[in-house]
Amino acid sequence: MKKVAIVGGGASGLLSAILCAKKSLHVELFEQNNRCGKKILVSGNGRCNITNTSTCKENYFSNNTSFVEHGLQEFGFKEFEKFINSIGLLLDVKEDGRVYPLSNEAKSVVKILEDYARSLGVTFHTETKITNIKELTCNYDAVIIATGSRAASHLGGNSDGEAFAKVFGHNIIPAYPSLVQLHVENKLAHKMSGAKVDSEVTLYINRQKELTCKGDILFTNYGVSGFAILDISQRASVALMEYADVSISINLLKDFTMQQLAAHINKLAKTMPHLTILDILAGLIPLKIATAILEELSIENSLHVKNINPKLSKKIANALTSLRFDITDTHGFRHAEVSGGGIDTSEVNPKTMESLKQKNLYFCGEVLDVVGERGGYNFAWAWASAYLASKDIIEKSVLDNR
């Protein structure tokens with residue numbers, strides 16, 4: 001019986017274990033933590049955005065984005081849904097393509113995957129950290145490296161997979177945090193800490209417009225967070241790593257242009273002259289943001305709008321629709337949901353995930369230089385890459401038994 005070792009008990013590791021064990025291979029899974037799937041458990045705020053109905057190479061960042069195409073075609077949403085339903089996990093498909101377990105709980109995903117793997121005879125070695133990868137490749141017929149990345153170090157994220165690959169001469173693309181909060185060294189931003197607003201953010205790299213995203217932004221004591229920030233963070237993180245000038249412009253009122261907002265203020269100045277400027281802004285944005293911006297503009301909260309001239313209304317409107325901050329850093333690997341960089345995909349077979357430098361050594365998921373957008377794309381890649389590796393190991397086993 002062919003012996004398979006899997007290093008890492010996350011999404012790709014668990015799926016690989018199941019697929020190989022279903023074909024009667026002897027599977028042993030090595031997990032450094034005391035339990036499997038810790039990153040799955042916290043994904044989607046505990047709900048687990050398990051995949052997306054529509055995936056393509058444009059949803060991924062890599063030095064070689066074409067690398068993901070075969071896997072996503074071979075094991076896309078339909079194939080994943082068929083498999084996951086077959087082991088008792090039903091899905092809740094949202095209109096925007098995001099997919100969650102019907103239970104709406106990430107822990108049900110881990111439980112079902114782990115329980116099913118155990119029922120197939122998979123041996124789990126928890127609290128077991130692999131240090132000698134060459135020894136493992138000598139003792140097993142196939143080895144799958146599914147160690148993840150440096151992201152979420154408090155949950156076990158590390159660079160072990162990169163170190164294992166280096167042993168066999170693999171090139172490593174420098175890692176960087178992605179889907180991560182961003183640092184801003186600005187007193188105004190810090191004064192607004194704790195305030196959240198649905199807005200539009202534009203990323204500038206070397207003063208050139210790079211990307212615009214809509215969504216919530218949360219001001220924090222270190223800078224900015226929220227979905228809109230996570231969505232721009234990959235490109236911001238790479239630019240920071242390359243020592244580029246990185247900044248953002250925030251429209252706190254994404255449905256208003258500067259001119260429209262100025263006109264709104266002017267209109268209220270005529271129809272409701274007794275209101276103060278703080279009254280006006282409090283009807284549009286959180287009070288903490290309103291007071292901080294008025295202080296920044298040296299405008300008294302008690303200023304009646306009847307005393308606001310068109311020039312001042314434009315000044316206020318401009319501040320609210322194009323709030324500019326320089327980005328100084330990311331919030332680091334510990335707080336990142338995923339990370340970019342990793343094992344150079346030009347040295348891995350895109351159809352099998354097998355190393356081109358070491359026979360019967362496979363890489364799956366985030367350990368590779370592949371990182372997806374927010375919305376279930378990183379899970380989709382974990383499932384697809386695990387499927388390809390398992391399929392190749394199984395096919396080789398069949399040939400060996402003939």
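Predicted model: local features only at pLDDT ≥ 70, side-chain atom pairs only at ≥ 80, totals over all residues.
Two strands are taken to pair if DSSP finds at least two bridges between them.

Select strands β11 (residues 196–205) and β12 (residues 208–219). They pair in the antiparallel sense over 10 bridges, and the hairpin has 2 residues between the strands. Centre the view on Asn206, which takes a positive phi near 50° in this hairpin. Next, pick Ser199; its bridge partner in β12 is Gly215.

Colour β11 by accessibility: 7 of its 10 residues are buried, so the strand is largely enclosed by the rest of the structure.

Turn next to the side chains. Show Lys196 and Asp216, which form a salt bridge whose closest N and O atoms are 3.3 Å apart. This pair connects β11, the strand of Lys196, to β12, the strand of Asp216, across 20 residues of the chain. Asp216 is buried, at a relative accessible area of 17%.

Move on to Lys254, whose side chain meets that of Asp198 in a salt bridge (3.5 Å, N to O). Lys254 lies in the loop between β14 and α10 (258–271), 56 residues from Asp198 in β11. Both are partly exposed, Lys254 at 24% and Asp198 at 44% relative accessibility.

Finally, select Asp255, which is exposed at 61% and also forms a salt bridge with Lys254 (3.9 Å, N to O).

How values were computed: Residues numbered from 1 in each chain as written. Heavy atoms only, no water. Buried < 20%, exposed > 50% of the residue type's maximum accessible area, 1.4 Å probe, protein only. Helix = DSSP H or I, 4+ residues; strand = E, 2+ residues; numbered from the N terminus. Salt bridge = Lys/Arg side-chain N within 4 Å of Asp/Glu carboxyl O.
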